[in-house]
Amino acid sequence: FIPIFTVFSTMGLVGTERDSRTLAWSLSMPLARTAVLLSKLFTSVVALAFAVVLIPEVVAIAAVRIAYGEFPSGASMVWPELGGVGIALLLLVICLATSVFFRGQRVVTGTALCVGLVIPGLIDGLWPAASPWWPVSIDHFVEDFGAGKPLQAATPIVWLATIVVL
């Protein structure tokens, strides 16, 4: 749910403004292009933090409290959420970078879903040893970290490098 929600909520960050000609007006002001893009990234991250982490976490805690009569352990709920945040941040950056270069929300959506989810899934099915080298494996890394399992150092390095480069 988190990846699809992220892509569809951020696919028009730059494209919509470009189509309505407000992006050219914004960029004509004495602001650096990177400042405009970083502000869009920051506000999207804050909005997604509420939509992807805070609201589902509160609902899940309330549901567990009602169903079982006690509060769940923090570790059982935090690690999967943090993995989802890692995927959401990666897809948000992919959408933002794609919308800078291409016009149309369909192109941005298709590119983000293919690059972020479909292609890694295909390669992981064909060549499982390559899984730690895909930035979308950050959710498995975070869950393994929370469970105390052995970790591959390549995954967070590739994830962070991908976000910085994009």
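This is a short chat about a predicted model of one protein.

Visitor: What kind of model is this, and what pLDDT do local features need?
Guide: The model is predicted: local features need pLDDT of at least 70, side-chain atom pairs count only at pLDDT 80 or more, and totals for chains, interfaces and linings use all residues. Residues are numbered from 1 along each chain as its sequence is written, and side-chain values use heavy atoms, with hydrogens and water left out.

Visitor: How many helices and strands are there?
Guide: The protein has 8 helices and 0 strands. Helices (H or I, at least four residues) and strands (E, at least two) are DSSP runs, numbered from the N terminus. From that end, the elements run α-α-α-α-α-α-α-α.

Visitor: What box do the C-alpha atoms fill?
Guide: Roughly 55 × 40 × 25 Å, taken along the principal axes.

Visitor: And what share of the residues is buried?
Guide: Of 166 residues, 34% count as buried. Buried means under 20% relative accessible area, exposed means over 50%, and partly exposed is in between (1.4 Å probe, protein chains only).

Visitor: What about the accessible surface?
Guide: The accessible surface comes to about 10000 Å², and 74% of that belongs to carbon and sulfur atoms. Such areas come from the Shrake-Rupley method with a 1.4 Å probe; for residues, only the protein chains shown count as cover.

Visitor: How many contacts join residues at least 24 apart?
Guide: Among contacts between residues at least 6 apart in sequence, 63% do. Contact means heavy atoms within 4.5 Å.

Visitor: Let's zoom in on α7. Which of its residues are buried?
Guide: Ile138, Asp139, Phe141 and Val142. Seen down the axis of α7, these buried residues fall within an arc of 160°, so they line one face of the helix. The arc is that of the directions from the helix axis to the C-beta atoms.

Visitor: Take Val142. What does it touch?
Guide: Val142 touches Trp79, Leu82 and Gly83, not counting residues up to four places away in sequence. Its relative accessibility is 14%, so Val142 counts as buried. Val142 and Leu82 are 60 residues apart in sequence, and their C-alpha atoms are 6.9 Å apart in space.

Visitor: What comes just after α7?
Guide: Gly148, which takes a positive phi of about 75°.

Visitor: Now the other side. Where does Ser137 lie?
Guide: Ser137 lies in the loop between α6 (105-126) and α7 (138-147).

Visitor: Is Ser137 buried or exposed?
Guide: Buried, because its relative accessible area is 9%. Leaving aside neighbours within four places in sequence, Ser137 is in contact with Ser131, Pro132 and Thr155.

Visitor: Which contacts does Pro135 make?
Guide: Pro135 is in contact with Leu90, Val158, Trp159 and Thr162, leaving aside neighbours within four places in sequence. Pro135 is also in the loop between α6 and α7. At 12% relative accessibility, Pro135 counts as buried.

Visitor: What about Pro30: buried or exposed?
Guide: Exposed, because its relative accessibility is 83%. Pro30 has its place in the loop between α3 (22-27) and α4 (33-68). Pro30 and Pro120 are 90 residues apart in sequence and 40 Å apart in space, C-alpha to C-alpha.

Visitor: New topic. How many disulfides does the structure hold?
Guide: The structure holds 0 disulfides. A disulfide is counted when a pair of cysteine sulfur atoms lies within 2.5 Å. Cys95 is in no disulfide, and the nearest cysteine sulfur, that of Cys114, is 12 Å away.

Visitor: Last one. How many positive and negative charges are there?
Guide: There are 8 positive and 9 negative charges, and their mean positions are 17 Å apart. Lys and Arg count as positive and Asp and Glu as negative, while His and the chain ends are not counted. The place of a charge is taken as NZ of Lys, CZ of Arg, CG of Asp or CD of Glu.
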